[in-house]
Amino acid sequence: MAKVAFLGLGVMGYPMAGHLLKHGHEVTVYNRSSAKAEAWVAQHGGRRCATPAEAATGQEIVFCCVGNDDDLRQVVLGDQGAVHGMAANTVFVDHTTASADVARELAQALDDKHISFIDAPVSGGQAGAENGVLTVMAGGDAEVFAAVKPVIDCYAKSAVLMGDSGAGQLTKMVNQICIAGIVQGLSEALSFAQNAGLDGEKVVQVISKGAAQSWQMENRYQTMLKDQYDFGFAVDWMRKDLGIALNEARRNGSTLPLTALVDQFYAEVQAMGGNRWDTSSLMARQKKCQQQ
Ligand SMILES: NC(=O)c1ccc[n+]([C@@H]2O[C@H](COP(=O)([O-])OP(=O)(O)OC[C@H]3O[C@@H](n4cnc5c(N)ncnc54)[C@H](OP(=O)(O)O)[C@@H]3O)[C@@H](O)[C@H]2O)c1
């Protein structure tokens with residue numbers, strides 16, 4: 001069993017850290033606002049710490065799932081960051097969805113102190129985290145990844161090393177580019193079905209057995225047909241992710257016209273008050289456009 005820390009007990013981190021403890025690892029936790037850490041310790045046990053550095057002290061692996069690049073830099077390198085508690089030959093595993101640049105930057109900064117860094121963004125949403133069946137895409141050193149993978153497996157159904165530092169984040173960008181196009185297509189298709197006077201439920205029951213099937217269709221069509229958008233990954237987070245992907249695309253010469261368009265559609269959803277609606281709320285924008 002390993003001695004581990006978990007930084008960031010949000011929608012994703014809270015259940016992920018819980019799986020570590022349930023599998024017998026010795027867990028310290030840190031959360032910026034202390035209420036979540038207090039609730040976590042009351043529910044699971046473990047030890048609550050006041051700073052990332054304190055949580056990391058004496059631990060072999062430090063896991064993290066915070067918001068964006070700046071948040072990540074703060075919990076790793078800030079005045080009270082994990083780096084100040086971590087010893088040589090330990091590993092920092094980051095599950096935040098962030099840029100490939102910040103992954104490479106932190107890998108370099110930690111390498112100077114003989115600490116390894118694995119970028120390991122996840123897919124599978126809140127349900128995946130709660131049920132311990134996330135998909136993890138990682139970047140970093142192969143030997144280090146092999147050493148931490150059995151611990152990651154506590155909350156993952158799949159964890160695969162994709163290449164050097166940053167490769168996990170690049171793979172997550174591919175994931176988000178796919179989702180953007182699929183959800184917009186699904187929004188257009190379902191509203192078309194409704195406008196055509198078809199029974200949307202029956203349409204999906206039929207076409208989901210064929211080539212149009214997708215995770216988004218299976219998991220979101222019922223709520224999209226009912227105009228309900230409170231089921232997971234928020235529009236604000238998606239815009240962060242698409243911004244990261246569009247930046248990377250400018251650098252590597254990819255043209256992402258559909259992704260750029262859908263990003264603007266999500267900006268319209270935000271203007272409708274949908275910052276915290278889930279990503280299937282492109283359907284709400286579609287309906288609004290049709291009414292105009
Ligand atoms: N939710 C999903 O379905 C999903 C799926 C895949 C990937 N992700 C990615 O996973 C990451 C976390 O998502 P989430 O849904 O768990 O978000 P969340 O519920 O908002 O949690 C974010 C966590 O990060 C902490 N945090 C943020 N900025 C910080 C800072 N500067 N210093 C210290 N702590 C900070 C927050 O602390 P406080 O509690 O104090 O605010 C909170 O614990 C994001 O990068 C997101 O894109 C999310």
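In this predicted model, a polar atom in the side chain of D71 sits 3.1 Å from one of the nitrogen atoms of the ligand. Taken on its own, the ligand has 890 Å² of accessible area, and the protein covers 90% of that.

- The side chain of K240 places a polar atom 2.9 Å from an oxygen atom of the ligand.
- For W237, the distance between a side-chain N or O atom and an oxygen atom of the ligand is 3.4 Å.

**Make-up of the shell**
- There are 24 residues around the ligand, and those that come nearest are V11, N31, S33, K36 and G67.
- Sorted by class, the shell consists of ten polar, nine nonpolar and five charged residues.

**Where the shell residues come from**
- Three helices, α4 (69–77), α6 (125–131) and α11 (235–252), each contribute at least two residues to the shell around the ligand, and α4 provides the largest share, with three residues.
- Both domain 1 (3–163) and domain 2 (170–291) take part, since each of them supplies at least three residues of the shell.

**Annotated span**
- An unreviewed UniProt entry assigns residues 166–283 the feature "domain: 3-hydroxyisobutyrate dehydrogenase-like NAD-binding".

Notes
Residues numbered from 1 in each chain as written. Predicted model: local features only at pLDDT ≥ 70, side-chain atom pairs only at ≥ 80, totals over all residues. Heavy atoms only, no water. Near = heavy atom within 4 Å. Polar contact = N/O pair within 3.5 Å; in protein donor to acceptor, adjacent residues only side chain to side chain. Areas by Shrake-Rupley, 256 points an atom, 1.4 Å probe, with all protein chains shown as cover. Helix = DSSP H or I, 4+ residues; strand = E, 2+ residues; numbered from the N terminus. Nonpolar A, V, L, I, M, F, W, Y, C, P; charged D, E, K, R; others polar. Domains from an automatic or database assignment. UniProt positions renumbered as here; feature names shortened; annotations may be inferred.
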